[in-house]
Each structure stands twice: as C-alpha cells, then as structure tokens.
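Subject: Structure handover

Hello,

Here is the structure for you to look over. My notes follow below.

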Amino acid sequence: MSALLELNNVTKVFSGARGRRIRAVDKVSFSMSEEKPQIISLVGESGSGKTTIARMILGLISPSEGDIYFSGKSIYSMDKGELKKYRKDVQAVFQDPYGIYNPFYRVDRVLEIPIRKFNLAKSKDDAQKLIHEALEAVGLRPKDVMGKYPHQLSGGERQRVMLSRLYLLKPKLIIADEPISMIDVALRALFLNILLDFKDKYGISCIFITHDLSSAYYLGEDLIILYKGRIVEKGKTNEILENPYHPYTKLLIKALLPPDPDKKILSSIESDIRLREDVSTYKEDSCLFVDRCPSSMSICREEIPPVIKINENHEVRCFLYYDKR
Amino acid sequence: MEEILKIEKLKIYYKNISGLAKAVDGVSLNIYPNEILGIAGESGSGKTTMVNGLVRLVKPPAYIADGNIILNYNKNGNLLKIDLLKVPEDEMRNFRWSVISYIPQGSMNSLNPVLKIRDQIIDVVVEHSGKSREEAESIIPSLLRSVNLEPSVADMYPHELSGGMKQRVIIAMALALDPKVVIADEPTTALDVVSQLSVLSTLYQVCRRVNASLVLVTHDMAVHAQLTDRVAIMYAGKVVEVGKTNEVFKKPLHPYTKALLLSIPTIEGKRRRLEGISGLAPSPTNWPKGCRFNPRCPYSKDICTEREPEEIEYEPGHYVSCFLYGGE
Amino acid sequence: MRQTQFDPKLIIGGIIISLLIFLVLFQPLLNRAIIGDVNPLTVGIFPIYELPSLRHPLGTDRFGRDVLAVTLLSLRYSLIVGAIAGAISTIIGIIVGFSAGYKGGLIDTLLRGLTDTILVIPSLPILMILSAYVKALNIITMAFILTIFSWPFSARVIRSQVMSIKNASYIDLAKLNYMSDFEIISLEILPNLLPFLGVSFAGSVVGAMLAATGLEVLGLGPSGITTLGMMINFAIGQGALSMGKWNLIFPPIFMLILVFLGVQLVNMGLESTYNPRLRR
C-alpha cells in the first residue's frame with residue numbers, strides 16, 4: 001500500500017548572508033493515507049519552515065535532501081505526463097489573496113486557465129457552465145465577480161474565487177498555506193467549512209498550514225507541530241490538545257486566548273510567558289527550543305533530541321520522555 | 001462618571017472614483033477614565049479610520065466631514081472642555097502624545113533604523129513636552145522597565161530587537177508623557193502568538209498603572225474578551241452595539257455581533273460547526289439602504305430595508321442599533 | 001476600468017512628445033510651407049546670414065539655408081537615429097534581461113558578466129574610433145554603433161524587474177496551472193512590464209540621441225544628412241558663438257532640451273502612476 005503523499009526526511013537548506021546556512025526544514029517526514037481523505041494541520045510560527053514545506057510539496061522548490069512521493073512516485077523524477085497529472089491532483093490556496101492575482105487580467109482568468117490546461121470542458125459554453133457552478137459552490141454570485149479586475153474584489157471574495165478554482169479542479173490534495181490569516185473572521189468560518197465539505201463530499205485531502213491552533217482544532221484529525229524546521233510533536237489533534245508532551249506545544253496551547261470574558265488568563269500567566277519570547281540563537285546540534293524551554297536539561301544543548309513514540313499515533317521530539325522509548 | 005473623551009456623530013468621508021465613501025458615518029462613543037474600550041469589527045468597517053479621526057490624523061483624500069470630539073481635560077486643576085475638531089493644528093499637536101497618544105497599526109516598523117532607541121525616545125519626549133534632553137534621558141530606564149524591557153535596550157538599534165521588543169519600545173514611547181488616553185490599533189497583529197500575549201499583558205498593565213484609558217482596536221474577538229472592559233462593535237462605518245464586554249459576549253444583541261461571536265474557532269468546549277456570516281461585506285461608497293447589515297441578516301424585516309435603526313439603550317449601558325429591540 | 005489617475009507631469013510630457021512626433025511626421029509638409037518644394041540643405045537659395053523675419057522665422061545660415069527648415073529636418077533624422085537605436089537596445093535588453101532574470105543561475109551569471117563588462121568600458125572614445133573607421137556612416141550604421149553601448153542599460157533594468165515579478169505569487173499559481181516557462185514569461189510577466197518597457201525604450205532613445213549628439217558635435221556624424229548634433233557642430237564651425245549668431249545655435253539646442261524634457265516628464269509621470277510605492 002502506498003501513501004497518497006509521503007515526505008521522507010525532507011530537508012531544505014538556504015544559504016543566507018555571509019555564507020550562513022539556514023536549515024529551514026530539517027528531516028521532516030510524514031505521510032497521508034491514500035484510502036481515506038484526511039486533513040493534516042501543520043502548525044508553527046513564522047520561521048517554522050511550514051511555508052517551505054508547502055512549496056516543496058508543490059514542486060516550486062526542491063529539497064536539499066530527502067524525497068517527496070506522490071502515490072509512491074518521487075515527484076522530482078516525473079515525466080511530462082505524470083507531472084501534468086500531479087499538477088491536477090495536488091493544488092494549493094495561498095495566504096495572500098492579493099498577490100495571487102495577476103493585476104493585468106480579469107478575475108475570470110484564474111478559472112479559465114485551469115479549464116483549458118487540464119481539458120476540463122469540451123466547449124466554451126461547457127466551460128462557462130463549470131465556472132458558474134464552481135463560483136456558486138463557494139457562495140459567490142458569478143455576476144459579482146466575473147469580468148472584474150482583482151482590485152475590485154475584497155480579500156474575502158478573492159480568496160473564495162481561489163477556492164472555487166479548487167472546486168473546479170477537484171484535486172486529490174489541497175495545500176492550504178495560511179489561507180485564512182488575511183481574511184475577516186466571519187469569512188474564516190465559511191472557508192474552514194468549505195475545506196471540511198471538500199473532504200466529506202469529494203474526498204479531497206488537505207494539508208492545512210497555520211499558526212493558529214484553534215482553527216487546526218476545528219478542522220480536526222491530525223496535527224503536526226513545527227518549530228524552526230523540525231517536527232516537535234505529531235499525532236491526533238484531540239490527543240495533543242488534551243495531553244501535550246512537548247514544552248513548545250504546551251506553550252502554544254497556553255498562549256491561546258479563550259474568546260470568553262469569564263476565562264481571563266492574561267494576568268495569571270504573563271510572568272511565566274513573558275521571558276519566553278523568541279530570542280534564542282540557532283544552534284544546529286541541540287534542541288532548538290532549549291533557550292525558551294522551562295524544563296531544559298544539559299543534554300538538550302548537546303544533542304538533537306530523538307523522536308519518541310508515546311503511542312501508535314503520537315510522537316514527540318524531546319529528551320524529557322527519553323525513558324518512555 | 002464623566003467621560004474623558006466624547007465622540008459625537010463623527011463622520012469621515014473620502015472621495016474615490018466610484019463616489020463618496022462614507023468610511024465612518026456617524027459614530028458616537030464615550031471613553032471613560034481608566035477604562036479599556038475595545039473597538040471590534042472586520043476590515044473595512046471603519047475602525048482604523050475612526051481612531052485616526054480621534055487624533056486628527058486622517059490621511060487625505062479622507063477628511064472629517066462632521067462631528068465633535070470633546071476632550072475633558074484637567075489642566076492644573078482647571079477642568080477644560082475642548083472640541084478637538086475645532087482647535088488649530090499646532091494646539092492639536094500639543095495634545096497628541098501628552099494627552100492622547102496613538103499607536104498606529106504597524107508602528108513598530110516605523111522606528112528609525114539608524115538611531116538608538118534612547119535617542120528616539122528622547123526625541124519624542126523633547127518634541128512633545130517642555131522637558132530638556134537631560135530630563136528626558138533620566139526617565140528612560142524606568143520607562144523601559146515599565147514595559148518589561150531591560151534598560152540596556154536603550155543603547156540598541158531597532159534591528160537588534162525582536163518584534164515583541166520593538167512593540168514594547170513603541171508602547172514605552174506612547175506612555176512617556178503620561179497621556180490620559182492611549183489608542184492602539186492592532187498592536188499585536190504582526191507578532192507570533194507567544195509575543196502577542198506578552199505584549200498585550202504589558203500594554204494592559206502599564207495603562208492600568210498610569211491610570212490611562214486604553215482604546216484597543218483589533219479584529220480579534222478573543223483579545224477583546226480577555227482585556228477590554230467595554231467593547232464597541234463596528235459594522236459598515238457605524239457602531240452597531242456597545243456595552244460591557246461581559247454582557248456583549250454573554251448576551252449579544254445585534255445579529256451581526258451574534259454571528260461574529262459564532263464564527264470564532266476555539267479549543268474550549270465541544271467542537272461545534274462554526275456558522276460564519278454569508279454574503280459579502282458592503283462597500284463604503286454604496287452602503288445598503290436601511291440597516292446596513294440587512295442583506296446579510298437572518299432576521300431582516302421590511303423596515304430594515306427602509307430605515308436606519310436608531311441606537312437604543314436596551315439595558316443600562318448596553319446600546320444596540322437594531323429594529324429587533326425597538327428603536328422604530 | 002482601472003483606477004488610474006494621470007499625473008500632470010505625464011500629461012505635459014505627453015503633449016511635448018506628441019508635438020515633436022507631429023513635427024517629425026509632417027516635416028515634408030512643413031518644409032513645403034516654409035521654403036517650398038526644395039531640399040532645405042540645398043546651398044545658396046536664400047541670402048546668407050539673414051536675421052529672423054516673417055519669411056525666415058529663424059533666419060538663414062552662411063550658405064543661405066532656412067534655419068527653421070534645417071532644424072525640422074535635423075530633428076527628424078536625430079529622432080530616427082534615436083528611435084532605431086532605442087528599439088534595438090530594448091529588444092536586446094528584453095531578450096537578455098528576461099533570460100537572465102527568469103532563468104537565473106549560470107545564464108544569469110554569464111549575461112550579467114557581459115553587461116557589466118560593457119557598462120564599465122568608457123564608451124565615447126570607442127564610439128569615436130568606430131564612427132571614424134566606418135566608411136559609409138549612414139543613419140542605420142550610426143544607430144547600430146550606438147546600440148553596442150546602450151543595450152546593457154536596458155538589459156540590466158529589465159532583468160531586475162523580471163526578478164522581482166518572478167517571485168510574485170501569481171507566478172506560483174501559473175506553475176500550478178501547468179503553464180510552460182514561455183507562457184509564464186509572455187503571458188504573466190511581460191504584460192505587467194509594458195509600461196516599464198515603454199519607459200525603458202524612451203530612456204534608450206534619449207540615451208542614444210545624447211550619445212549621437214556628442215559624436216556629431218565632435219564632427220563624427222553620418223554623411224549626406226543633417227541632425228541636431230551636426231547643426232550645433234556646423235554652427236560652432238561657422239563661428240556662430242563668437243559672431244553672436246544665436247539663431248543658428250539656439251534652435252537645435254532647444255529641440256534637444258524639448259526631447260529630453262518630454263521623455264523625462266513622461267518617465268516621472270508613468271513612475272508615479274504605475275509605481276504603487278510612490279502613489280499616495
């Protein structure tokens with residue numbers, strides 16, 4: 001049985017200024033099931049490497065080490081036909097609903113091009129029908145958006161047009177890179193619901209990339225916590241949120257503000273959290289969280305922590321649980 | 001208790017190619033001493049334009065079309081009532097920073113990259129108060145400590161600081177002259193989650209300590225729940241609901257507020273399907289006739305499409321503009 | 001409709017350039033109106049050194065030629081030389097700039113090396129040698145010689161523009177749409193560069209005219225025709241400066257100033273219209 005998508009020790013090293021090399025992504029491995037559609041949330045702050053992972057899966061940049069397999073086939077050794085099929089099967093929606101539109105063209109074009117490129121329609125009328133159906137599927141009236149230029153639409157409308165593009169293509173996998181961080185609260189819920197519908201109705205899997213644990217919780221299922229390019233904790237979302245192991249995951253959960261005036265947490269925890277802002281320097285051969293970690297030990301500075309399996313689904317990369325191996 | 005700042009029917013308009021945009025269209029709000037007032041709303045609701053108006057920093061082509069902003073100002077024991085929209089610009093400049101200080105969105109990126117933090121703070125203090133450079137310099141260590149920064153930060157350049165630290169420097173500057181009102185527009189949006197939390201708590205503490213009122217503008221309802229005493233919900237250039245944060249969250253009146261609160265994902269409690277708000281945000285050049293929320297409102301009646309609802313006090317201190325609660 | 005507010009600089013510059021183009025296009029008709037159906041370079045048809053009058057608005061020169069008619073003809077040839085050189089430079093610039101900027105890597109390193117090398121060579125001495133050596137120097141050969149040193153400017157700025165657009169998210173989207181490199185360059189990048197290419201072309205035209213004028217004032221112009229630079233050279237040669245014959249030297253200089261001013265105003269106007277960072 002081959003996985004739908006499998007990342008095997010994927011590493012990306014960028015060369016920075018003055019010959020400095022930054023491991024943006026460090027030996028990341030995970031896989032998604034081929035049989036059952038699945039939503040995996042990749043949660044991390046800026047600098048966690050989550051966008052780099054997305055770009056590698058989409059084949060926009062290639063990893064320095066490791067490989068990515070789609071249905072058992074390495075995506076970097078695909079021939080033309082296979083690549084075209086991969087492009088149709090693996091699609092994306094990005095963070096910035098502004099830059100994703102070429103300002104020179106009308107909005108219609110982002111829907112027309114995939115129809116033409118992937119031969120989705122037999123005739124012009126057919127194509128128009130598909131476009132209308134796709135727009136309506138995401139709650140847009142075609143006459144509100146067709147024939148307009150991108151700057152005439154709001155951020156939410158633009159992001160929804162991108163979703164209708166996905167509806168049109170019905171890929172097997174959607175890479176959603178912070179798709180809701182730049183749109184309004186009221187639209188976020190609709191957006192997340194559309195992703196859930198895609199999974200339930202059309203069997204479309206999704207890698208949902210976010211810095212917001214609560215939207216990851218809403219989408220459910222699987223969760224991967226990234227810190228500075230490494231996976232620090234991986235498992236079922238419910239399980240991690242109820243019982244986090246890694247100190248970073250604990251910090252993230254603690255930092256979530258409940259939208260409830262009766263649960264004011266700001267005054268109670270601030271002294272604890274204040275000093276845990278990211279000021280650490282990057283030292284490759286250690287735990288990368290060590291400078292902010294409330295329970296760091298001397299070994300954490302000397303070695304990369306191993307991956308420890310808590311149970312079949314739940315993994316954590318931390319020396320605190322060394323005896324649980 | 002008498003309000004320190006009273007906004008009356010504030011209107012801020014601008015002209016663009018598709019007509020006259022009524023970005024802020026008749027906002028009335030009171031700001032009381034020592035309170036934290038939250039301004040919530042989606043992008044395009046006019047919240048940023050509104051607070052720009054409070055300090056008269058409306059960028060052309062936008063202009064203040066109408067309204068009053070009354071400042072109750074205690075100067076050496078004399079209580080003055082001043083309409084900020086009527087004073088000349090150079091007098092207004094004296095009020096900024098020293099009485100009302102404003103932290104605009106993204107201001108942590110406006111620190112001068114070639115000046116040390118010390119010099120930037122001194123410049124602000126000297127420019128907006130009668131203090132000498134030496135006097136200004138002497139308050140820096142305690143000022144930085146009050147925002148949880150080491151005094152040594154004064155000798156650093158902005159690029160040596162993390163985002164959270166820069167935002168603290170901005171807060172320190174805003175509070176350097178003991179203002180009565182601090183206005184912060186999305187002060188933590190660009191920060192990562194952990195820094196967001198610690199910066200917010202600093203802002204909260206320091207305003208409480210110096211007895212300044214804080215006007216906190218953010219789209220993040222969780223922040224309002226955590227920090228504010230009262231919250232005003234803006235939609236389409238108007239305040240549709242305002243009240244004690246507890247009451248607004250517990251018993252939201254306006255259908256828009258209800259929908260907004262139902263759209264926030266949370267890890268608290270059981271997972272429930274979020275509703276969101278269908279339909280599209282209206283455009284400031286063409287607000288819907290009648291109640292501006294009526295095209296998206298599940299409770300819309302005939303009257304909602306014809307007339308704009310008046311603001312009524314539904315419960316003491318809890319105001320709403322919606323025909324569901326009268327106001328016809 | 002795009003929400004474009006035109007800058008007054010753009011409008012004034014546009015008027016100046018349209019006026020110049022009008023003068024160039026209708027030069028034969030204007031010539032006929034001023035001096036009749038003769039070549040303005042013909043020697044001895046009018047009295048020499050006439051002062052400006054109704055019949056000769058700018059007077060006549062030492063060979064009895066109407067200065068206004070000569071100026072219009074010179075403007076025509078100067079602009080033709082500039083336009084040809086500018087067009088060739090821009091085309092080479094597009095090819096080099098796009099391949100270097102879009103592909104990056106080795107191609108970029110090689111092409112950048114070439115353009116930088118040419119940019120540091122002092123061009124005027126070499127242009128002087130070249131134009132002195134080329135036997136039949138006509139408008140076309142003149143334009144080609146000027147191109148040698150002007151294309152790297154275009155290539156350089158086009159490359160940097162391509163590199164910045166290449167990182168836009170819509171290019172990623174195009175790749176996800178399975179568009180080929182050729183489609184991405186021609187359909188996604190190029191259209192957004194059109195205003196910029198216009199500016200770059202205008203800059204090359206002015207640059208070439210400036211270089212051409214420099215050579216011609218030194219007496220290294222093409223033979224058998226007249227240009228604004230050659231008029232200046234000729235006027236100096238006739239001692240117009242020492243004799244105070246301002247009507248001989250002023251018209252070509254005025255025309256050159258008009259050309260530079262027009263192009264510069266259009267540049268600045270386009271910049272503030274299309275560069276969002278300058279837009280307020």
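Two residues are taken to be in contact if their C-beta atoms, placed from the backbone, lie within 7 Å. The model is predicted, with local features needing pLDDT of at least 70, side-chain atom pairs counting only at pLDDT 80 or more, and totals for chains, interfaces and linings using all residues. Residues are numbered from 1 along each chain as its sequence is written, while chains are lettered from A and ligands numbered from 1 in the order in which they are written.

Interfaces with chain A

Between chains A and B, the contact involves 43 residues from chain A and 40 residues from chain B. On the chain B side, helix 6 (193–209), helix 7 (221–227), helix 8 (245–250) and helix 9 (255–262) each supply at least two residues; helices (H or I, at least four residues) and strands (E, at least two) are DSSP runs, numbered from the N terminus. Helix 6 of chain B gives the most, with eight residues. By class, this side of chain B has 20 nonpolar, 15 polar and five charged residues. Here Ala, Val, Leu, Ile, Met, Phe, Trp, Tyr, Cys and Pro count as nonpolar, Asp, Glu, Lys and Arg as charged, and the others, Gly among them, as polar.

Chain C also touches chain A, with 14 residues of chain C in contact with 19 residues of chain A. Helix 7 (169–176) and helix 8 (181–217) of chain C each supply at least two residues of that side of chain C, and helix 7 of chain C gives the most, with six. The classes there are seven nonpolar, three polar and four charged.

Chain C

Chain C has eleven helices and zero strands. Its C-alpha trace spans about 75 × 45 × 30 Å along the principal axes. Of its 280 residues, 40% count as buried, meaning that 20 or more other C-beta atoms lie within 10 Å of the residue's own, with C-beta atoms placed from the backbone.

The sheet in chain B

Four strands of chain B form an open antiparallel sheet in the order 2-1-4-5; two strands pair if DSSP finds at least two bridges between them. Strand 2 (19–31) and strand 5 (78–83) of chain B each have a single partner strand, so one side of each is left without a neighbour in the sheet. Strand 4 (residues 63–75) of chain B is joined to strand 5 of chain B by six bridges, and N72(B) has K81(B) as its bridge partner.

Strand 8 of chain A

Six of the six residues of strand 8 (residues 205–210) of chain A are buried, so the strand is largely enclosed by the rest of the structure. S205(A), I207(A) and I209(A) point one way, and C206(A), F208(A) and T210(A) the other. Strand 8 of chain A pairs in the parallel sense with strand 3 (residues 39–43) of chain A over five bridges, where V43(A) partners T210(A). Five bridges also join strand 8 of chain A to strand 7 (residues 173–177) of chain A, again parallel, and A176(A) stands opposite F208(A).

Nonpolar cores

A nonpolar core is a set of buried Ala, Val, Leu, Ile, Met, Phe, Trp, Tyr and Cys residues joined through C-beta atoms within 7 Å. The largest holds 195 residues, of which I174(A), I175(A), A172(B), I183(B) and V215(B) touch the most other members. Helix 7 (residues 185–202) of chain A gives the most to this core, with ten residues. A second, separate core of 47 residues includes L68(C), L72(C), A85(C) and A143(C).

Regards

How values were computed: Buried ≥ 20, exposed ≤ 12 C-beta atoms within 10 Å, placed from the backbone.
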